[in-house]
Amino acid sequence: MPLLKAEKVTRIFGGIAAVNDVSFHVNSGDILGLIGPNGAGKSTTFNLISGFYNLSSGKIYFNGENVTNKNPEYLNKRQMVRTFQHNVLFDEMTVYENVYMGTVLKKMSEIEKGTLIEEILTFLNLIHVKDELTKNLPHGTQRMLGIAVALATKPKLLLLDEPLTGMNIVEIKEAVEVLKKLNTEKNITIVIVEHNMKAVMELCDRIVVLSYGEKIAEGTPEEVRQNAEVVRAYLGGS
C-alpha cells in the first residue's frame, strides 16, 4: 500500500484547471520528485496534498486513510508535513526556538522536546548556531532551518517545496547529502518540488512531470530524462 496516493486530483480556479486529473503514488521510503516548467501546477498540487487548498475533485490517501480536504493541522498530527518556497520562520527567535515551535502539537515532555531538537540540529549541522537569531543567518542556513522545523513534527512524509532555492553550489551539495541521509537513516519518505534538475536527478527514485496542470510523464530519472514530451515541455522543441 502506498504511503501517499493522489487519485485524479483536480483544482479549478475561475473556470481554469490549475491541476487536472493528476494521479501518482509514493511508496514508503521513496524520494519522489515533482517537476515541470513554471506554471505547471507543482505548488498547487503540494497545496492540495497538504491541505492548504481543497480539491475540486479527486481524492488524497495518506497511510491508507482518505485525507481529502483535511486541514494541515490534521495532517501534521498524522505525520505529513511540508515546507514552503519562501521562509516562514520567526526572524526574532533563535534557531533553537524556531525548531521548538515544530514540537508544540506533540505530546512530549519538555525534556523529550529538548532532546529531539538537539538531535535534529546536530543531524542538520545547525547545532553551532542554535542560539543565533534567525534573521542573522545566511539564506542557505535559513532554508535548512525550515527543514529542521518540519522535522520537529516527527514526520513520516516530508513535502519539500523548492528547498534548494537561493543556495550556492556548496550549500546545494551539502543539502542533497542531508536529504539522502534523512531518507536512508531516518526512514523519512520525501516528495520534493525543485527546479535544480541536477539535484533532482541525483536525489529521486522516481519523478512525476507536470505541464499545464497535467501529468505528462512518470518514471525513473533516466526514463524522464529521455522522454520526448518532457524535453518539449521544457525546451519547446525536439
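**Figure 1. Helix α5 passes helix α6 in a right-handed crossing.** In this predicted model, α5 comprises residues 139-151, and its axis lies 10 Å from that of α6, at an angle of about 15 degrees. Because angles under 35 degrees count as roughly parallel, α5 is described as roughly parallel to α6. From α5, the contact is made by Gly140, Met144, Ile147 and Leu151. The residues of α6 that take part are Glu171, Ala175, Val178, Leu179 and Leu182.

**Figure 2. Helix α6 belongs to a right-handed β-α-β unit with strands β7 and β8.** The helix spans residues 169-185 in this unit. Strand β8 covers residues 189-193 and runs parallel to β7, to which five bridges join it. Within this pairing, Thr189 of β8 stands opposite Leu157.

**Figure 3. Strand β7 is mostly covered.** Five of the five residues in this strand, residues 157-161, are buried. Leu157, Leu159 and Asp161 point one way from the strand, while Leu158 and Leu160 point the other way. Strand β7 also pairs with β6 (residues 80-82), in the parallel sense and over three bridges.

Figure 4. Strand β4, residues 57-62, is joined to β5 by two bridges, and the two run antiparallel. Phe62 has Glu65 in β5 as its bridge partner.

**Figure 5. Lys113 is a buried residue of helix α4.** The helix that carries Lys113 extends over residues 110-123. Lys113 has a relative accessibility of 7% and therefore counts as buried, the cut-off for that class being under 20%. Leaving aside residues up to four places away in sequence, Lys113 touches Tyr100, Thr103, Val104, Lys106 and Met108.

How values were computed:
Residues numbered from 1 in each chain as written. Predicted model: local features only at pLDDT ≥ 70, side-chain atom pairs only at ≥ 80, totals over all residues. Heavy atoms only, no water. Buried < 20%, exposed > 50% of the residue type's maximum accessible area, 1.4 Å probe, protein only. Helix = DSSP H or I, 4+ residues; strand = E, 2+ residues; numbered from the N terminus. Pairing = 2+ DSSP bridges. Right-handed = clockwise from strand over helix to strand, strands pointing away. Contact = heavy atoms within 4.5 Å. Axes fitted to C-alpha atoms, helices over the stretch in contact; angles between N-to-C directions. Parallel < 35°, antiparallel > 145°, perpendicular 65-115°, else oblique. Left-handed = near helix turned anticlockwise from the far one by under 90°.
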